[in-house]
Amino acid sequence: MVERPKTYEILLLTHGGWGMTLKEKLTMIIGKIHGVSEVALEPSDTTETFLQKVKEKVTKMPADSLILTDIAGGTTSNIALTFSKDYQINILSGLNSMMLMEAIMRQNQPFTTESVAQIREAALLSCQHLQLPDLKN
Amino acid sequence: MAEIQMVRIDSRLIHGQVITKWIRQTSANRIVIIDDALSADEFMTGIYTMAAPSDIEVNIYSVDEAAEYWKKEEMGAGKLFILTKNVETIYQTIKKGIPIDEIQIGGLGGGPGRISVFGPISLDEEDAAMLKELEQENCHVYLHQVPEESKMEFKKALERYNSLKNKNK
């Protein structure tokens with residue numbers, strides 16, 4: 001049996017838990033995914049209950065892991081930020097498919113400021129206004 | 001004199017529903033969070049300041065600071081979006097002299113002794129009594145999570161609270 005190389009954790013924090021659906025459907029493009037989990041922010045959650053759930057997860061994550069949140073300024077991001085004081089984690093907001101794929105591709109290395117910047121770049125590049133070129137005549 | 005555009009009770013304070021929806025529904029350019037614990041917490045203050053859109057100023061005051069600021073300068077200038085985590089804070093704020101004539105309850109999560117009355121919005125005995133008193137003093141109270149969805153008048157929520165309370169007995 002081939003041993004899987006070490007993977008660094010990716011934690012998704014999304015409103016209602018749509019991150020898990022994204023992860024499941026991405027296997028269609030990149031195959032089996034490891035080390036990606038999620039804590040869903042449910043409508044019934046208060047800041048405190050959500051914080052507890054995320055805490056349980058974050059305390060078990062190795063240093064230099066990555067948290068991807070859906071909305072900058074949303075509760076998912078606010079809570080993630082509160083852990084940046086005591087834990088060595090990276091946080092990137094604005095989850096999209098390219099962001100998650102890029103993060104998964106870099107999962108065999110510890111996440112650093114540089115690698116997070118590159119993941120962000122990839123996510124931004126995937127967002128384009130697609131238009132056909134002007135055809136002359 | 002600052003102009004109060006919206007007053008919302010939301011246990012999550014600045015979050016997705018507020019920054020993507022309600023702020024844009026109003027023309028507020030300042031968010032004022034009133035919360036005793038938060039006003040003394042520099043770290044969390046930083047996080048909520050970051051959470052707001054960059055063109056919106058965020059101020060966090062204790063109830064006493066807010067009341068004092070209103071008395072002296074009517075909170076300066078600008079259009080205010082006032083946020084508190086719970087009913088008690090807004091009740092105290094009003095009692096200390098800030099003229100608030102409308103309150104939106106946007107989010108009050110569940111907990112022991114609390115009864116959900118409208119989606120995830122819950123009330124307990126104290127909340128119900130304080131809000132009832134405010135309504136009798138002509139403060140309009142309603143429950144509304146996001147603009148696209150329906151809202152509920154407090155009177156209706158109170159009826160629901162009482163009937164659910166009796167059912168649980």
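1. Two strands are taken to pair if DSSP finds at least two bridges between them. On that basis, and with the reminder that this is a predicted model, chain A holds an open sheet of four strands in the order β2-β1-β3-β4, with parallel pairing. The edge strands of this sheet are β2 (36-41) and β4 (89-93) of chain A, each of which pairs on one side only, and the twist from one strand to the next averages 20°.

2. Within the sheet of chain A, strand β1 (residues 10-15) and strand β3 (residues 65-69) pair in the parallel sense over four bridges. One point to check by eye in this pairing is A:Ile10, whose bridge partner in β3(A) is A:Leu66.

3. As a whole, chain A has five helices and four strands, and along the sequence these elements follow the pattern β-α-β-α-β-α-β-α-α. The C-alpha atoms of chain A fill a box of roughly 60 × 45 × 25 Å along the principal axes, and of its 137 residues 36% are buried. Where contacts in chain A link residues at least 6 apart in sequence, 73% of them join residues at least 24 apart.

4. Chain B has seven helices and nine strands. Its radius of gyration is 16 Å, close to the 15 Å that the globule rule gives for 169 residues, so chain B is as compact as a globular protein of that length. The box filled by the C-alpha atoms of chain B, taken along the principal axes, is roughly 45 × 30 × 30 Å, and 41% of the 169 residues count as buried. For contacts in chain B between residues at least 6 apart in sequence, the share joining residues at least 24 apart is 72%.

5. In chain B, seven strands form an open sheet in the order β3-β2-β4-β1-β5-β8-β9, and here the pairing is mixed. The edge strands are β3 (57-61) and β9 (152-153) of chain B, each pairing on one side only. Strand β8 (residues 140-143) of chain B pairs with β9(B) in the antiparallel sense over two bridges, and B:Tyr142 stands opposite B:Glu153 in β9(B).

6. Turning to the interface, 16 residues of chain A are in contact with 14 residues of chain B. On the side of chain A that touches chain B, α2 (47-58) and α3 (75-83) of chain A each supply at least two residues, and α3(A) gives the most, with five residues. By class, that side of chain A has three nonpolar, eleven polar and two charged residues.

7. The helix α3(A) deserves a separate remark, since eight of its nine residues are buried, so it is largely enclosed by the rest of the structure. Its buried residues are A:Thr75, A:Thr76, A:Ser77, A:Asn78, A:Ile79, A:Ala80, A:Leu81 and A:Phe83; for this assignment, a residue is buried if 20 or more other C-beta atoms lie within 10 Å of its own.

8. The largest nonpolar core has 79 residues, and those with the most contacts inside it are A:Leu68 and B:Tyr48. Once its neighbours within four places in sequence are left aside, A:Leu68 is in contact with A:Ile10, A:Leu12, A:Leu92, A:Leu95, A:Met99, A:Leu100 and A:Ala103.

Notes
Residues are numbered from 1 along each chain as its sequence is written. Chains are lettered from A and ligands numbered from 1 in the order in which they are written. This is a predicted model: local features need pLDDT of at least 70, side-chain atom pairs count only at pLDDT 80 or more; totals for chains, interfaces and linings use all residues. A nonpolar core is a set of buried Ala, Val, Leu, Ile, Met, Phe, Trp, Tyr and Cys residues joined through C-beta atoms within 7 Å. A residue is buried if 20 or more other C-beta atoms lie within 10 Å of its own, exposed if 12 or fewer, and partly exposed in between; C-beta atoms are placed from the backbone. Two residues are in contact if their C-beta atoms, placed from the backbone, lie within 7 Å. The radius of gyration is taken over C-alpha atoms; the globule rule is 2.2 Å times the number of residues to the power 0.38. Ala, Val, Leu, Ile, Met, Phe, Trp, Tyr, Cys and Pro count as nonpolar, Asp, Glu, Lys and Arg as charged, and the others, Gly among them, as polar. Axes are lines fitted to C-alpha atoms, for helices over the stretch in contact, and angles run from 0 to 180 degrees between N-to-C directions.
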